[in-house]
Amino acid sequence: MAHHKEDDATGDETNISTQPLSYNPSQPPPVYKVGYPPQKNLTTEFKNTLRETFFHDNPLRQYKDQSGSSKFKMGLQFLFPVFDWGRTYNLSKFKGDLIAGLTIASLCIPQDIGYSKLAYLDPQYGLYSSFIPPLIYAAMGSSRDIAIGPVAVVSLLLGSLLQNEVDHEKNKEEYLRLAFTATFFAGITQAALGFLRLGFLIEFLSHAAIVGFMGGAAITIALQQLKYVLGIRNFTKETDIVSVMESVWRSVHHGWNWQTVVIGFTFLAFLLLAKYIGKKNKKYFWVPAIAPITSVILATLFVYLFRADKHGVQIVNNIKKGINPSSLHKIYFTGPLVAKGFKIGVVCGMIGLTEAVAIGRTFAAVKDYQLDGNKEMVALGTMNIVGSMTSCYIATGSFSRSAVNFMAGCRTPVSNVIMSMVVLLTLLVITPLFKYTPNAILGSIIISAVIGLVDYEAAILIWKVDKMDFIACMGAFFGVVFKSVEIGLLIAVSISFAKILLQVTRPRTALLGNLPGTTIYRNTDQYPDARHVPGVVIVRVDSAIYFSNSNYIRERILRWLTDEEEKAKAEGLSRINFLIVEMSPVIDIDTSGIHALEDLNKNLQKRGIQLLLSNPGSAVIEKLHSSKLTEHIGSNHIFLTVADAVRFCTSKSMQEP
């Protein structure tokens, strides 16, 4: 669009020079014009935008030029990946899945019983949630490594939000119904996000905020287990650290049970030792995997033989025997609790989705296979919808179990099926044996499981890389620890959005200088050797120019210009005659941005300074041309590179008397 020689100023604006000049070191380098992109009508532009927003991965490309039957088969395989990997399933893969499934089953059974307590639900509901949902996921999920079931953070969040609405002791049946309702809407939310390809929405919760939230939730969960590990009967219902520690110390003289303390801390030390062994030597991954069930067996045996329950040791008592009963009739579809169930379900569903997708992507990267995030959301949503109708509460991917599943050599989602069958056997036969299981051992298992969620190494790295991210991390962490899980989550989301708004409304700009001996222009802060061009100020805008930042960008450019004018005056240098705005990073501009450039140009004209633009992108130059701003600036003042613009400024300065 622009020219760099005065005698070229009357050329056709729409021409794009495509024939490079033959280069000779003794001749000036070839000069190109800034070109226009091809004209697009509204329909084409809308379709392109829609495709890039929702279908950037082109999911329908494999269906091209296929017959109807082939499309049907491929569609079935897309919805149910089991029909794809199931065709090549063999005994060798089954051996790996069998070992992995049995290993994660030994880990999940005691965890499920403990996690159900975090959600203020009876123990069998934790086991129910590791029976049906894993079977649904095995058929529909695309991750080979995720182990499905209840997880600590979602269980705590669900219990906390439900308890705010309905007291689980006074209105047990209503509380249970609201839990199933929340699970139903969590599934609806997850499936809808995947079906409508809106998975990018979960990316708004930044990694730093998740690290802080998970760490804070882990501390809160561990503190909650002091009730069981110390044998305290009258314990606060609050989750913040101040209330919990007050409750602990108030009961130190009369509320602690020494037998419970011995059981709890002995087995906690055993579990942590097992975890340390597995971490030090990957060969012994099975040691921390079987340690929880081993602890449960030994602790239960100890309580039964010595009748410790008669001496104040709290036990699980009876776990309801049998498979999942139907709960469809218990879900609220009408009434005042529907909205509350929907709100709780959306929040818990989003957190569960974030955790599961992050876990799936982590292990997919290690094994070098593709994970379809939207397909994962549909699978997770479907399993929670079905789960809500079969007495399950929200299930998702568990990091600890998935890690064990991975290290145990799982090959396909069949490991989830094996785990589910072991849970089924437990529900049908083994549950009466858990009667004398002390609550202290379940508390110890949960504490050892959540310790890994406190990722201090990630927090240190976040501090080194981005201080704003660290504030988000710590804000989420302290919000959970000192207030509540929901407040911590709100802080995490708020700071994540605040960071986005700050970056959008206050984008970076940079003053550019010439690297000696080259035609390269770079940030003078990053490259101290870069020299300022006499009489010229070069500013780069590192952002799209929108209504949210257009005024700031205009004012910031003028401030750069004023600073350079004062500096030139103080040092006795030639006055500033040209301002070059480098627009390579400017990916887009709206009407407010165009008005800001118009105002900038008018301001410069009053000061006798010429505005020049360098390398505007296709979307930007198209809008500048449509708004007639190119005519106001002058087509011969828009250049392909900063070097071309500087040559133009130099030649103009030499022509002046």
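Student: What should I know before I start?
Tutor: Residues are numbered from 1 along each chain as its sequence is written, and side-chain values use heavy atoms, with hydrogens and water left out. Because the model is predicted, local features need pLDDT of at least 70 and side-chain atom pairs count only at pLDDT 80 or more, while totals for chains, interfaces and linings use all residues.

Student: How do the axes of α6 and α17 cross?
Tutor: The axes of helix α6 (residues 132-140) and helix α17 (residues 414-430) come within 8 Å and cross at roughly 160 degrees; helices here are DSSP runs of H or I with at least four residues, numbered from the N terminus, and axes are lines fitted to C-alpha atoms over the stretch in contact, with angles from 0 to 180 degrees between N-to-C directions.

Student: Which residues meet there?
Tutor: From α6, P134, L135, Y137 and A138 meet N416, V417, M419, S420 and M421 of α17, where contact means heavy atoms within 4.5 Å.

Student: New topic: what lines the largest cavity?
Tutor: The lining is made of L205, I210, F213, M214, I351 and T354, and α9 (207-224) and α14 (337-367) are the elements that give two or more residues to it. A cavity is a set of points, on a 1 Å grid over the protein atoms alone, where a 1.4 Å probe fits but cannot get out, and lining residues have an atom within 4 Å of a point.

Student: And which element gives the most to that lining?
Tutor: That is α9, with three residues.

Student: What volume does the largest cavity have?
Tutor: Its volume is about 40 Å³, taken as the space filled by probe spheres set on the points.

Conventions: 1 Å grid on protein atoms, 1.4 Å probe; cavity = no way out; pocket = protein on both sides within 12 Å on 5 of 7 lines; lining within 4 Å.
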